[in-house]
Amino acid sequence: MSRAKLKIAQKLKLKKFRAELNLFVAEGLRLCEMAADFSQVEFGFFTADFLKSARAEKLLGRLEKIAPMYEISERDFEKISDTKTPQGVLLVVRQKFSALEDVLKKFLVVAMDAVHDAGNVGTILRTAEAFGCGVVLLEDSAEIFNPKVVRASMGAIFTLPIIKLSRQEFLRAMKFSGVEVLAAALDTSAEFYFNHDFTKKSAVVFGSEASGVSAEIFGAAEKIFIPMSGSAESLNVATSAAIIISEAARQRAKI
């Protein structure tokens, strides 16, 4: 049985199998602790070396109560690991998306429009979770169940309300729900982000690292801009998201 499960874990390194099996991988002590709390764990693997701390033994004890856990060799673990320095514990987890209603319950909706870089997507998820936002993933963004996204999210993927929508579906849903759509723009004529009233229900769209927010979203959104005084032409998209989200949270805290 463990060999068959091992083959499944190996397949989950590829996007097509993650989509086909509706599963993904969480690796490392911290991520696996969060998966145990918030996700549907199907099965998992650990090595003998993993069980060298009381924290690791406690986690394994919890996991064995909710899913089959298999001890495997270091060599076999390397076949399924996606990290350079594996910690010796890996879980196969059921994929889950939220409902639109769950996203709209949050004070701010954060949408990613063709954000390709997995590290940026994961970091934005982490920031959104830290400030209590809901997330919408639009077309052409990195897959949220990509191992790099999962790691960069630092567990946010397990607790955030996240949905996938097309751009048209997103715009219709926001209009129907009375949510103002904002687009982060490299446009000095746009409204400075700190001057915008985030006490109103809003959705902020962050675009791709290369070309920004799509024309379809731009045409239907109000534009906001982060002013800069240095020589840099732009900010990393994850940094831009953190700046704008934190300002929205600051304004909401004053209500």
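**Close-up views of a predicted model**

**View 1. Ring pairs link Phe 24, Phe 97, Phe 145 and Phe 158 into a cluster.** The model is a predicted one, in which local features need pLDDT of at least 70 and side-chain atom pairs count only at pLDDT 80 or more, while totals for chains, interfaces and linings use all residues. Residues are numbered from 1 along each chain as its sequence is written, and side-chain values use heavy atoms, with hydrogens and water left out. A search of the whole structure finds eight aromatic pairs, where rings of Phe, Tyr and Trp (its six-membered ring) pair if their centres lie within 6.5 Å, and planes under 30 degrees apart count as stacked, over 60 as edge-to-face and the rest as tilted. The rings of Phe 24 and Phe 145 have centres 4.8 Å apart and planes at 40 degrees, so this pair is tilted. Because Phe 24 lies in strand 1 and Phe 145 in the loop between strand 6 and helix 8 (147–152), the pair ties together parts that are 121 residues apart in sequence; helices (H or I, at least four residues) and strands (E, at least two) are DSSP runs, numbered from the N terminus. The rings of Phe 97 and Phe 145, with centres 5.4 Å apart and planes at 75 degrees, form an edge-to-face pair. This pair also links distant parts of the chain, with Phe 97 in the loop between strand 4 and helix 6 (100–104) and Phe 145 48 residues apart from it. Phe 145 is buried, at a relative accessible area of 4%, whereas Phe 97 counts as partly exposed at 35% relative accessibility; buried means under 20% relative accessible area, exposed over 50%, and partly exposed in between (1.4 Å probe, protein chains only).

**View 2. An open sheet of four strands, with mixed pairing, has the order 1-4-2-3.** Strand 1 (23–27) and strand 3 (69–71) stand at the edges with a single partner strand each, so one side of each is left without a neighbour in the sheet; two strands pair if DSSP finds at least two bridges between them. From one strand to the next the twist averages 20 degrees, axes being lines fitted to C-alpha atoms, for helices over the stretch in contact, with angles running from 0 to 180 degrees between N-to-C directions. Strand 1 runs antiparallel to strand 4 (residues 89–94), and five bridges join the two; in strand 4, Arg 94 is the bridge partner of Leu 23. Helix 1 (residues 2–11) packs on the sheet, touching strand 1, strand 2 (41–46), strand 3 and strand 4, and its direction makes about 100 degrees with that of strand 2; contact means heavy atoms within 4.5 Å. Helix 3 (residues 29–38) also packs on the sheet, where it touches strand 1, strand 2 and strand 4, its direction making about 35 degrees with that of strand 4.

**View 3. Seven strands form an open sheet with parallel pairing, in the order 7-6-5-10-8-11-9.** Strand 7 (162–164) and strand 9 (191–192) stand at the edges, each with a single partner strand, so one side of each has no neighbour in the sheet. Strand 5 and strand 10 pair in the parallel sense over six bridges, and Leu 108 stands opposite Ser 202 in strand 10. Helix 7 lies across strand 5, strand 6 (134–137) and strand 7, running at about 175 degrees to strand 5.

**View 4. The buried residues of helix 12 pack against strand 5 (108–113), helix 7 (118–131), strand 8 (180–184), strand 10 (202–207) and strand 11 (222–225).** Among these buried residues of helix 12 are Val 237, Ala 241, Ile 244, Ile 245 and Ala 248. At 1.5 Å a residue, the 17 residues of helix 12 (residues 237–253) should span 24 Å, which agrees with the 24 Å between its end C-alpha atoms; the expected span is 1.5 Å times one less than the number of residues. Asn 236 caps the N-terminal end of helix 12, with a side-chain oxygen 2.8 Å from the backbone nitrogen of Ala 238.

**View 5. Ala 185 is found in the loop between strand 8 and strand 9.** Ala 185 is buried, with a relative accessible area of 9%. Residues up to four places away in sequence not being counted, Ala 185 touches Phe 218, Lys 223, Ile 224 and Phe 225.

Note on methods. A polar contact is a pair of N or O atoms within 3.5 Å; within protein, one must be able to donate a hydrogen and the other to accept it, and residues adjacent in sequence count only if both atoms are side-chain atoms.
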